Amino acid sequence: MSDQTLFSIFFSAMIVNNFTLALFLGLCPFMGVSARVETAIRMGLANIFVLVLTSLSAWVLNTYILVNAPYLRIISFIIVIASLVQIVEMVIKKVSPVLFKQLGIYLPLITTNCAIFGLAIFQTNRSYDFLQGLTFAVGAGLGLTLALVLMASIRETSELSDIPAIAKGTGLTLIIAGSLSLAFMGFAGLL
Amino acid sequence: MNDKSSADTLVVTPPGAEPASQEPVEKNVSTFRLVATLAVAGILAGMLIAMVNEHTKPIIDAYRAEQLRIAVYEVLPGAARYTTFYLVDGELNPTLPDGAKEVEYKRVYVGFNEEGGPVGVAVSRGESGFQDVVMIILGFDPVGGKLTGMKVLESKETPGLGDKIFKDKAFVDQFFAGPELPLVSVKAGSGKGEPNEIDSITGATISSKTVTRIINNAVAEWMPLLQQGIPEDEQP
Amino acid sequence: MPRETTPAQDLIRGIWEENPVLIQMLGLCPALAVTNTVKNALAMSAATFFVICCSSVLVSSCKRFIPREVRISAYILVIATFVTLADMMLQAYAPVQHKELGAFIALIVVNCMILGRQEAFSSKNTVLRSLLDAIGTGIGFTIALLMLGGFREILGIGTFFDIPLFGSNFEPWVVFVLPAGGFLTLGFIILGMGYFEERKKAGNAA
């Protein structure tokens, strides 16, 4: 297990080393998020859910199954994650069609989301135990949601302003992301 | 992006497992063939990886062991050899319980000089730095309460600034000058000359403070266990 | 079914016209995370190049055996295998670089660019063409990463591949080697490209 305290893991993943703005994980949904805060929140929540499940699965895999074959880690992780998301999608569809309608399209996007796989790998590299891994997942998910919501709200506001044609789209999004990342650097000394 | 735009439902099955039969795919291809294909692919992949692993694992393990060896000797100057003690159930033990996995146990490396006298102990610890986790190994003398050395094992600190914690000789040398524990990080030039002060790197205060913080936390953790003095070596 | 493009076009297309990072905006996670120095950018490009070429060749050779329904899983399995191999070999033969890149080597597995090429090209074309396509995409990726890494290292530290370029009076713009710099650099590059596109269009229209 790692020497970091639970609080430090949580706070670091969410704010100080924000999963998206500092570690660059989860950029696909981040760049493509629509300019609607509501959508961003839902996307973020879906991610948190999958992140927690992934953390659990990764811990189980690492502790019980991969012990004698650590080299199969990458393959098993990705297979488990892909299957997990499929199953989650089907379960949600059956259990709550309303929820599925709201979240549904995001779930397949989550499968090859760097954040999910990245979480499993980081958790393993840092030797987090069960509780530390969960804390990490929640912190990372909240950090990702935070970044998504901030980006969406900025875009929402900027839709009303006059942007030069060449800047519309990705170029501007990246600059905004850069500014957000800079802003979050202000938290660096907190831990 | 996962291309799920196809009209068919994608059956994602871990190789060798039973097919998840939520929504069976009935086309011209039987479920058995789907599972079999993936299973065969999985087995072939596993075999290929295992083969390469046979080849690379010894190299990787040897390198790691060598790096550790070098690091321990670096932070325990004067040591001619060292013994590894594992923390098993709150006690220091030179051997692991039967069938235990080495990675699960914290350990301390006790260095001995040529005459067999103890020169200090070394432990490694990692905590959050400015960017990601910083892992260092430190050597200290629990009896005298002084640091004997420090080496940064892993760091993703900012290139050009934070990475000075291992690239800046003046900074690193401070940890080998026998400062008293616990350390206090001070701004370069504004220290009072106390024996436990470490001058931080200008422009990389956080990375510098991380190093002293890790050292202090590690010492705080291990001191109580070493109160009785450095564990005796089994060898004469 | 064979495409109407020539083999040469398959090769060149990925380098600029359909550059995976700069035009298609795929594979951003590694592109931004490990480009704070040119050395890291090169190491990541090399690893990705290896994975995409091997994967494309293997997928193309086995395309007849992969049922359509499970093709994505099959591609992922292939890619994951090569990523594991790349990770192991890097760890054994270039341990310092491996430590620098850390978790991001494993993250090559979720690089949308590689999966995209299998789905769009390798599964439908001959081995040779798939290889050319992979090489082209790999080169495009490398160019994009080198551009990013170059900007960030030159402005952020004042060196290129650890070789100091400016005198000791140069005050590096540290922000460029920080995460924020990754976003900003790519943003500026895209803006720059957009600007030149606009000028070209205006020039053609005139």
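**Figure 1. The open sheet of chain B.** In this predicted model, 6 strands of chain B make an open sheet in the order β2-β1-β3-β4-β5-β6, with antiparallel pairing. Two strands count as paired if DSSP finds at least two bridges between them. Helices (H or I, at least four residues) and strands (E, at least two) are DSSP runs, numbered from the N terminus. In general, strands of a sheet pair through backbone hydrogen bonds, either parallel or antiparallel. β2 and β6 (146-154) of chain B are the edge strands, each of which pairs on one side only. From one strand to the next, the twist averages 30 degrees. Axes are lines fitted to C-alpha atoms, for helices over the stretch in contact, and angles run from 0 to 180 degrees between N-to-C directions. Residues are numbered from 1 along each chain as its sequence is written, and chains are lettered from A and ligands numbered from 1 in the order in which they are written. Since the model is predicted, local features need pLDDT of at least 70 and side-chain atom pairs count only at pLDDT 80 or more, while totals for chains, interfaces and linings use all residues.

**Figure 2. Strand β1 of chain B and two helices on the sheet.** Strand β1 (residues 81-88) of chain B runs antiparallel to β2(B), and 3 bridges join the two. In this pair, B:Leu87 stands opposite B:Leu92 in β2(B). Helix α1 (residues 31-75) of chain B packs on the sheet and touches β1, β3, β4, β5 and β6 of chain B. The direction of α1 makes about 155 degrees with that of β6(B). Helix α4 (residues 205-226) of chain B lies across β2, β3, β4, β5 and β6 of chain B, at about 125 degrees to β4(B). Two residues are in contact if their C-beta atoms, placed from the backbone, lie within 7 Å.

Figure 3. Strand β4 (residues 118-128) of chain B is mostly covered, with 10 of its 11 residues buried. A residue is buried if 20 or more other C-beta atoms lie within 10 Å of its own, exposed if 12 or fewer, and partly exposed in between, with C-beta atoms placed from the backbone. Strand β3 (residues 107-112) of chain B is joined to β4(B) by 4 bridges, and the two run antiparallel. B:Phe112 stands opposite B:Pro118 in β4(B). The hairpin of β3(B) and β4(B) has 5 residues between the strands, and B:Gly116 in the turn has a positive phi of about 95 degrees. Strand β5 (residues 133-141) of chain B is also antiparallel to β4(B), with 8 bridges joining them. Here B:Val123 stands opposite B:Leu138 in β5(B). The hairpin of β4(B) and β5(B) has 4 residues between the strands, and B:Asp132 in the turn has a positive phi of about 60 degrees.

**Figure 4. B:Ala100 in a loop of chain B.** B:Ala100 sits in the loop between β2 (91-93) and β3 of chain B. Is B:Ala100 buried or exposed? B:Ala100 is exposed, because 12 other C-beta atoms lie within 10 Å. B:Ala100 and B:Lys187 are 87 residues apart along the chain, and their C-alpha atoms are separated by 45 Å. Of the 236 residues of chain B, 39% count as buried.

**Figure 5. Helices α3 and α7 of chain A.** Two packed helices are described by the angle between their axes and the distance between the axes. The axes of helix α3 (residues 37-65) and helix α7 (residues 114-125) of chain A come within 9 Å and cross at roughly 40 degrees. The crossing of α3(A) and α7(A) is right-handed. A crossing is left-handed if the near helix is turned anticlockwise from the far one by less than a right angle, and right-handed if clockwise. Residues of α3(A) in the contact include A:Asn47, A:Val50 and A:Leu51, and those of α7(A) include A:Ala115, A:Ile116 and A:Leu119. By class, this contact has 7 nonpolar, 6 polar and no charged residues. Ala, Val, Leu, Ile, Met, Phe, Trp, Tyr, Cys and Pro count as nonpolar, Asp, Glu, Lys and Arg as charged, and the others, Gly among them, as polar.
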